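Here is a briefing on one protein chain. Look over the sequence and the structure first, then read the points below.

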Amino acid sequence: MPSLLRPLVWIALLWLAFAEGLNAGTVAVSVTDDTGKPVQGAVVFVDGPGLTPVTGTPEPVAVMDQIGKKFVPQVLVVPAGAEVSFPNSDNIRHHVYSFSEAHSFELPLYAGTPTEPVRFPAPGVVVLGCNIHDWMRGYIVVVPGRLFAVTGADGMARIAGLPGGRLRLMAWHPDLALQRAVAGDEVDGAAPSSATRIALALKRKLQLRRAPAGRGADPY
Ligand SMILES: [Cu+2]
């Protein structure tokens, strides 16, 4: 390339980067409970047009493990269309199932890692259980696109790279009184930055007394 043209190429590249920055907004979301306290571990995601769908290969497969008779992680967030593997890292068998509307499925009693992952085609909350161990509870939160974040101890989640247009922010938490995502404000994705707040009605935590020593031996 003639050296005279090189500065023009750099200017064009810088302009593209600048224009991209203009179109990609950032939102800071503060999630609280209904008394105004920050909520940690809430899934915040964006719903609206212009979100990138998952088209399949070579998308990495997400993992929902089973360790010590628990689902690990307890909450897994994936974009719609993603595949999830359910390895069983315990030396006993588990029987994973979900009756959720977003995707009901079953992995009958198994050890090790099933050969096929499970695809989650539609957005929604998929509640996982195990037929053998009643207390095992896990959640796969299937969100419409790749724009999501989980709140920290301060109840804050930040999502960058918003597409232009009106976008609705949604929030979900495993302790929600009703197991469905809560709609927050709409934001303008083209704005460089915005901030909003979502309040969640959580289940009241019961103050359980400790079981007497020597009882409650694990039968499994
Ligand atoms: Cu189990």
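Two strands count as paired if DSSP finds at least two bridges between them. Strands (E, at least two residues) and helices (H or I, at least four) are DSSP runs, numbered from the N terminus. By that count, the chain has one helix and 17 strands. This is a predicted model: local features need pLDDT of at least 70, side-chain atom pairs count only at pLDDT 80 or more, and totals for chains, interfaces and linings use all residues. Residues are numbered from 1 along each chain as its sequence is written.

**Confidence**

- pLDDT is the predictor's confidence in each residue, on a scale from 0 to 100.
- The chain has a mean pLDDT of 84, and 78% of its residues reach 70 or more.
- Residues 13-22 have pLDDT below 50, and beyond near neighbours in sequence this stretch has zero contacts in the model. A contact here means two C-beta atoms, placed from the backbone, within 7 Å.
- Residues 214-220 also stay under 50 in pLDDT. The model has three contacts for them beyond four places in sequence.
- Where pLDDT is low, the predicted coordinates should not be read in detail.

**Overall packing**

- A residue is buried if 20 or more other C-beta atoms lie within 10 Å of its own, exposed if 12 or fewer, and partly exposed in between, with C-beta atoms placed from the backbone.
- Buried residues make up 25% of the 220 residues in the chain.
- Among contacts with a separation of 6 or more, 66% join residues 24 or more positions apart.

**Five-stranded sheet**

- This open sheet runs β6-β12-β11-β8-β9, with mixed pairing.
- β6 (75-79) and β9 (105-110) stand at the edges. Each has a single partner strand, so one side of each is left without a neighbour in the sheet.
- Neighbouring strands are turned by 20 degrees against each other on average, direction ignored. Axes are lines fitted to C-alpha atoms, for helices over the stretch in contact, and angles run from 0 to 180 degrees between N-to-C directions.
- β8 (residues 94-98) pairs with β9 in the antiparallel sense over four bridges. The two strands form a hairpin with six residues between them.
- Within that pair, Val96 is bridged to Leu107, and Ser98 to Phe105.
- β8 also runs antiparallel to β11, joined by two bridges. There, Tyr97 stands opposite Gly129.
- In a regular strand the side chains alternate between the two faces of the sheet. In β8, the covered face holds His94, Val96 and Ser98, and the uncovered one His95 and Tyr97.

**Three-stranded sheet**

- A second open sheet has the order β14-β1-β17, again with mixed pairing.
- β14 and β17 are the edge strands, each pairing on one side only.
- Neighbouring strands here are turned by 25 degrees against each other on average, direction ignored.
- β1 and β14 are antiparallel, with six bridges. One of these pairs Gly25 with Leu162.

**Nonpolar core**

- A nonpolar core is a set of buried Ala, Val, Leu, Ile, Met, Phe, Trp, Tyr and Cys residues joined through C-beta atoms within 7 Å.
- The largest one has 41 residues. Val31, Val44, Ile140, Leu169 and Ala171 touch the most other members.
- The elements giving two or more residues to this core are β1 (25-33), β2 (43-47), β6, β11 (124-130), β12 (137-143), β14 (156-162), β15 (166-172) and β17 (193-200).
- Leaving aside neighbours within four places in sequence, Val31 contacts Val39, Ala42, Val44, Thr151, Gly155, Ala157, Ala171, Ile198 and Leu200.

**β15 and its partners**

- Five of the seven residues of β15 are buried, so this strand is largely enclosed by the rest of the structure.
- β2 pairs with β15 in the antiparallel sense over five bridges. In that pairing, Val43 is the bridge partner of Trp172.
- β15 and β16 are joined by five bridges and run antiparallel. Leu167 stands opposite Val187.

**Val187**

- Val187 is found in strand β16 (residues 182-188).
- Val187 is buried, with 24 other C-beta atoms within 10 Å.
- Not counting residues up to four places away in sequence, Val187 touches Val27, Leu167, Leu169, Ser194 and Thr196.
- Val187 and Thr26 are 161 residues apart along the chain, yet their C-alpha atoms are separated by 9.9 Å.
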